[in-house]
Amino acid sequence: MPPEYDWENFSNVTVKRLFSMITTLGTAALEDEEKLEQLNNLLSEMEEIYSTGQACEYDDPKTCLDLNPGLEDCMADSTDYNRLLFCWEGWRDAAGRRLGDLYSQFVELSNEAVRADGWNDTGEYWRSWYETADLQQQLETIYQDLQPLYQNLHAYVRRKLINTYGAEMVNAEGPIPAHLLGNMWAQTWGNIYKLVIPFPNKPSIDVTDEMVRQGYDARRMFNLSDEFFREMGQIPMPGSFWDRTMFVRPDDREVVCHASAWDFYLDNDVRIKMCTKVNQEDLVTVHHEMGHIEYFLQYAHQPLPFREGANPGFHEAVGDLLALSVSTPAHLNKVGLLPELVDDPEVDINFLMQMALEKIAFLPFGYLIDQWRWRVFDGSTTKDKYNEEWWKLRTQYQGIVPPVPRNPDKDFDAGSKYHVPANTPYIRYFVSFVIQFQFHEAMCSLSGYTGDLHKCDASAGAMKDVAGSRLAEMLRMGKSQPWPEAFEVLTGDREMSAAAILQYFAPLIDWLEKQNENETLGWNNGWTPPYDCEGTGGFTCLEGSRCVRPADKCDGIQDCDDNSDEDPILCETPNGRSSIYRAFSCDMIYSGNNMEAYPDICFFFTSKHLLTIKL
Ligand code: KAW
Ligand code: ZN
């Protein structure tokens with residue numbers, strides 16, 4: 001069909017961009033309807049598996065933990081090495097393992113779809129949203145600029161973890177076992193603040209206890225955030241937002257607990273879905289999600305294709321930007337969450353450490369997820385190498401190591417991170433964590449603030465209105481112009497740079513370098529932590545050979561040379577060997593209906609067999 005509009009030759013750049021955007025279909029370009037349906041089914045199946053996965057206790061298979069809150073709380077709060085390992089491995093057995101086959105099918109179909117639209121592969125299509133020819137080089141430069149700071153943080157935290165878990169479990173020159181950093185994916189480390197606090201005798205700047213003491217609930221956290229957006233001259237959340245938002249995990253149905261913000265593109269209908277917990281981490285997440293909503297509201301007057309972030313990193317940065325002001329001790333004190341405010345360089349270091357555990361620890365993680373995915377999409381990482389490549393990147397960038405050996409045929413650890421099965425690009429968060437500091441620096445100086453960047457609360461500046469209106473001006477542009485134009489409106493600059501984040505952390509960088517005088521920065525890639533086979537749910541084959549992990553038992557795949565891991569007797573009548581139960585935990589049931597009909601029987605499908613088990 002001949003195009004009705006010769007838009008490629010239009011002279012008005014904005015209208016030309018508009019047409020170019022309308023004509024890009026993404027995965028909807030898949031012409032074969034059956035395949036498009038298959039693609040969509042794969043996506044919903046993956047999301048379903050992720051959001052219903054549970055890890056069940058070895059010795060009590062009917063007691064199972066959801067990711068949120070059960071397993072996430074376990075990772076955040078426990079300091080028992082083996083308990084942490086149970087939660088870490090259990091989630092990967094429950095979610096990742098069941099996703100590998102689906103994911104590789106998805107990759108094929110997704111690539112086929114975007115090829116119909118003229119892209120070489122899905123990664124190239126995703127990167128095109130940035131309209132930046134040398135995006136990958138720019139990001140690599142920024143990553144390199146930040147790596148020394150990360151290495152210093154890593155070495156300092158590693159030393160503290162040796163104090164907690166011992167030099168046998170944490171090697172002074174090795175990568176850190178991945179389950180000891182307070183988070184299921186070791187992506188942010190704020191939850192181990194108590195283990196690494198630089199000056200334990202100085203006042204705490206963690207406000208979780210104070211929030212609980214004051215009886216905070218989810219709505220109050222959202223209200224606090226809304227008030228801050230108003231204070232900065234932004235658009236308040238509309239009434240319907242308060243009626244239609246899901247603030248906490250409902251107990252009458254299964255929901256996807258990973259936080260998200262929704263624009264229904266109609267009558268100001270905007271909502272958040274979040275299983276909010278009362279703690280400091282979620283207070284920041286509330287601001288993060290509200291930042292998405294604020295952007296929706298600001299660009300609502302734009303034509304539909306422009307109702308998006310200037311680039312995806314902008315969308316992720318808005319709420320975090322405001323949270324940078326909110327998180328300062330001065331502001332927390334102002335809103336009554338921090339009783340005492342002292343001006344003391346040691347308290348400053350405590351504060352900067354807490355921020356670094358959230359913002360600096362995240363950088364290599366934010367960078368590597370799509371390094372992995374881009375290579376999967378462009379075919380350089382094939383299915384049989386999914387997990388090996390994943391751990392190469394995890395060790396190379398983050399300096400972490402799996403606490404138990406991975407099984408390359410079965411484990412799919414990338415799938416245990418929400419954005420992989422949910423097919424949400426991730427490099428946006430790396431971009432966001434960099435540019436939010438550039439935005440913060442700009443807002444602070446526009447507001448009239450002149451002190452140290454990390455102490456700036458933009459809402460306290462005499463000219464906060466100027467800062468607020470400049471922010472709104474940038475947000476109102478949406479995606480109507482290439483992102484450097486929007487970037488320039490707020491910052492006066494047109495490029496991403498690590499300079500602002502380095503400036504923010506400057507005092508901590510000096511301090512860390514002194515602490516690390518006797519440490520070896522970096523990690524040698526060969527070291528792996530020891531583990532107690534039986535004590536961590538594993539078992540040895542009858543022939544007495546190596547340790548096999550609990551999920552390998554009775555899964556229909558031979559892991560022992562003598563096949564004792566699949567011995568029909570051991571498999572069909574669990575006889576008190578607790579490790580058997582894991583593979584048969586009821587979350588593996590193929591059909592929920594069957595489960596209701598036979599409450600004490602689990603069905604378990606493998607690629608080869610249908611197994612049934614009486615509990
Ligand atoms: C993070 C970000 C800010 C502060 C602390 C943080 N810790 C970790 C992160 C990165 C990342 C993560 O948890 O791994 N954060 C999120 O995933 C927050 C959720 C989201 O707001 O980014 C959400 C993800 C999502 C995308 C698509 C479907 C479902 C969930 N994104 C959005 O809701 C969204 C809405 C509009 C435009 C763009 C994104
Ligand atoms: Zn987000």
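Reader: Happy to start with one residue: is His292 buried or exposed?
Author: This is a predicted model, in which local features need pLDDT of at least 70 and side-chain atom pairs count only at pLDDT 80 or more, while totals for chains, interfaces and linings use all residues. Residues are numbered from 1 along each chain as its sequence is written, chains are lettered from A and ligands numbered from 1 in the order in which they are written, and side-chain values use heavy atoms, with hydrogens and water left out. Buried means under 20% relative accessible area, exposed over 50% and partly exposed in between, using a 1.4 Å probe and protein chains only. His292 has 8% relative accessibility, so His292 counts as buried.

Reader: Thanks! Where does His292 sit?
Author: Helices here are DSSP runs of H or I with at least four residues, strands are runs of E with at least two, and both are numbered from the N terminus. Not counting residues up to four places away in sequence, His292 touches Ala261, His315 and Glu316, where contact means heavy atoms within 4.5 Å. As for its own place, His292 is in helix α12.

Reader: Which residues does the UniProt annotation "binding site" cover?
Author: The annotation comes from an unreviewed entry; UniProt positions are given in the numbering used here, feature names are shortened, and annotations may be inferred rather than shown by experiment. According to that record, the "binding site" covers His288, His292 and Glu316. These residues span 29 residues in sequence, yet they gather at one spot, because no two of their C-alpha atoms are more than 7.2 Å apart. So the names to remember from the record are His288, His292 and Glu316.

Reader: And is His288 buried or exposed?
Author: His288 also has its place in helix α12, which covers residues 280–298. Leaving aside neighbours within four places in sequence, His288 is in contact with Glu316, Gly319, Asp320 and Tyr429. With a relative accessibility of 11%, His288 counts as buried.

Reader: Is the link of Cys541 and Cys560 left-handed or right-handed?
Author: A disulfide joins Cys541 to Cys560, S to S 2.0 Å, and both cysteines are buried. The angle about the S-S bond is -80°, and the link of Cys541 and Cys560 is left-handed.

Terms used:
Disulfide = S-S within 2.5 Å.
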